[in-house]
Amino acid sequence: MSRLFPDVFRNPAIRASMIAIFTFGMAGAMTAPYRSIVGIRELGLSDSLYSVLTFASAAVNVVVSVLLGNLADRLGEYRSAMIGACLFGIVGYGIVYTFPSAAIFIISGLLPLPIYGALNSLLFANARAAMQGMNRNDMVTANSGVRAMISLSWVLIPGITGLVLSGASSMLPAYLFAGISCLICQGIIVFALPKRTGTEMAAAHHLSYLGALRQVVSPRISAHILGVALITSTLHLNDALLPLIATGAAHGRLSDVGILVGIVALLEVIFIIVWSRIARKTGQMTALAAGTIIYAVFLGLLGFASEPWHLYALTLIAGIGAAAIISIPITYLQDLIADRPGLGSALISVNIFASAGIGALVFAAGTSAAGYSGTAILSAVTGLSGIAILGFLQRRKVYRIEAAGE
């Protein structure tokens, strides 16, 4: 059994973080598939206003994640920031359900929910802090396990939510369920997460909030984020392209889209752990390169799909590649600011924002010039360019180290 469940997962802080991030994922999985339906169809937002709100919400989340991460590093503990973020989630989801209106939906999307979204990086920061003293292999395994719990929530929760609300006239109860999930997450953080004294993990040199933001956008950090963002943008591009290709060129149905997404999510849960073992043996850059190439092959073949069975045949390749892309970059990004777990983990949110922006640009350019199938192939090239940048940065780092040693 120890081979299936590594010893690192027996650490109480890591185990509690895994359970908490599952409930965090539940809230997103309950609402994300129906957010546009609630905002546009039920509450009357225009398509353009909804798009602006989505972008603004993501931008607020990035800034808050960096600020809260830096604050937690200065305090030397993460429970306080996580408890605060959870409260914003309870309020954000609760007011949309209790006072449904376009204005409340916008307010919730601009402040409470982006702040709650910072809980994602804080939970990874807390897990990272618990890894102090561990060897690198155990750190990769622990991060993979924590990330797998988000995928697991997306395997289970959207279908259950859809089934529960299948006969309802409104999807607003999904926000009530999400608020309850935030309450559960709050309980786990308060009662199950081991307490740490502030002096245990406090950063030796404090950064101002502007200093933290400057460090994040510094050339050394931003170059690596660009490479990772190009790779992870392929996930966003697939999210947009798969439904369009499945119901278009592949002549499938909407039900096929849900089934395909569920299959890939399940495969991600399985192969995230497999990739952590591969990364321990080959190194994370080699493993990430292999995963990126596999996912690029999937995207390239997606562009040629003309029957539903083509898409089902590609799910195995998609699941294997996606598992590497969603798990390995977490440790890579945290290592960029290794001495500050909160700020380093905030780079996860920065990467999500940057990759979504790159994905939107590639989608707009690709669809206008080459259609959906051509955009899938362009997406593969985007991912490969990202791993090429990271490879170049690694070689340059090795060269500098060798030059310094001479």
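**Close-up views of a predicted helical chain**

**View 1. Helix α12 against helix α14.** The axes of α12 (residues 219–246) and α14 (residues 284–302) come within 11 Å and cross at roughly 20°. This is a predicted model, in which local features need pLDDT of at least 70, side-chain atom pairs count only at pLDDT 80 or more, and totals for chains, interfaces and linings use all residues. Residues are numbered from 1 along each chain as its sequence is written, and side-chain values use heavy atoms, with hydrogens and water left out. Helices (H or I, at least four residues) and strands (E, at least two) are DSSP runs, numbered from the N terminus. Axes are lines fitted to C-alpha atoms, for helices over the stretch in contact, with angles from 0 to 180 degrees between N-to-C directions. α12 and α14 are therefore roughly parallel to each other (angles under 35 degrees count as roughly parallel, over 145 as roughly antiparallel, 65 to 115 as roughly perpendicular and the rest as oblique). The crossing of α12 past α14 is left-handed (near helix turned anticlockwise from the far one by less than a right angle; clockwise is right-handed). From α12, I231, T234, L235, N238, L242 and I245 meet L288, T292, Y295, F298, L299 and L302 of α14 (contact: heavy atoms within 4.5 Å). Nine residues of this contact are nonpolar, three are polar and none is charged (Ala, Val, Leu, Ile, Met, Phe, Trp, Tyr, Cys and Pro count as nonpolar, Asp, Glu, Lys and Arg as charged, and the others, Gly among them, as polar).

**View 2. Helix α1 against helix α8.** The axes of α1 (residues 12–31) and α8 (residues 136–164) come within 8 Å and cross at roughly 35°. α1 passes α8 in a right-handed crossing. The α1 side of the contact includes I14, M18, F22 and G25. Among the α8 partners are G145, M149, W154 and P158. By class, the contact of α1 with α8 holds 16 nonpolar, five polar and no charged residues.

**View 3. T161 in helix α8.** T161 is found in α8. At 4% relative accessibility, T161 counts as buried (buried is under 20% relative accessible area, exposed over 50%, partly exposed in between; 1.4 Å probe, protein chains only). T161 touches M30, Y34 and A174, leaving aside residues up to four places away in sequence. T161 and M30 also belong to the contact of α1 with α8.

**View 4. Helix α7 against helix α15.** The axes of α7 (residues 119–130) and α15 (residues 308–336) come within 12 Å and cross at roughly 75°. α7 and α15 are therefore roughly perpendicular to each other. F124, A125 and R128 of α7 make the contact with I330, T331, Q334 and D335 of α15. Three of the residues are nonpolar, two polar and two charged.

**View 5. H251 in a loop.** H251 lies in the loop between α12 and α13 (254–282). H251 is not a glycine, yet its phi is positive, at about 60°. With 58% relative accessibility, H251 counts as exposed.

**View 6. The whole chain for context.** The chain has 16 helices and zero strands. Its radius of gyration is 21 Å, close to the 22 Å that the globule rule gives for 406 residues, so the chain is as compact as a globular protein of that length (radius over C-alpha atoms; rule of 2.2 Å times the number of residues to the power 0.38). The C-alpha atoms fill a box of roughly 60 × 50 × 45 Å along the principal axes. Buried residues make up 52% of the 406. Of the contacts with a separation of 6 or more, 84% join residues 24 or more positions apart.
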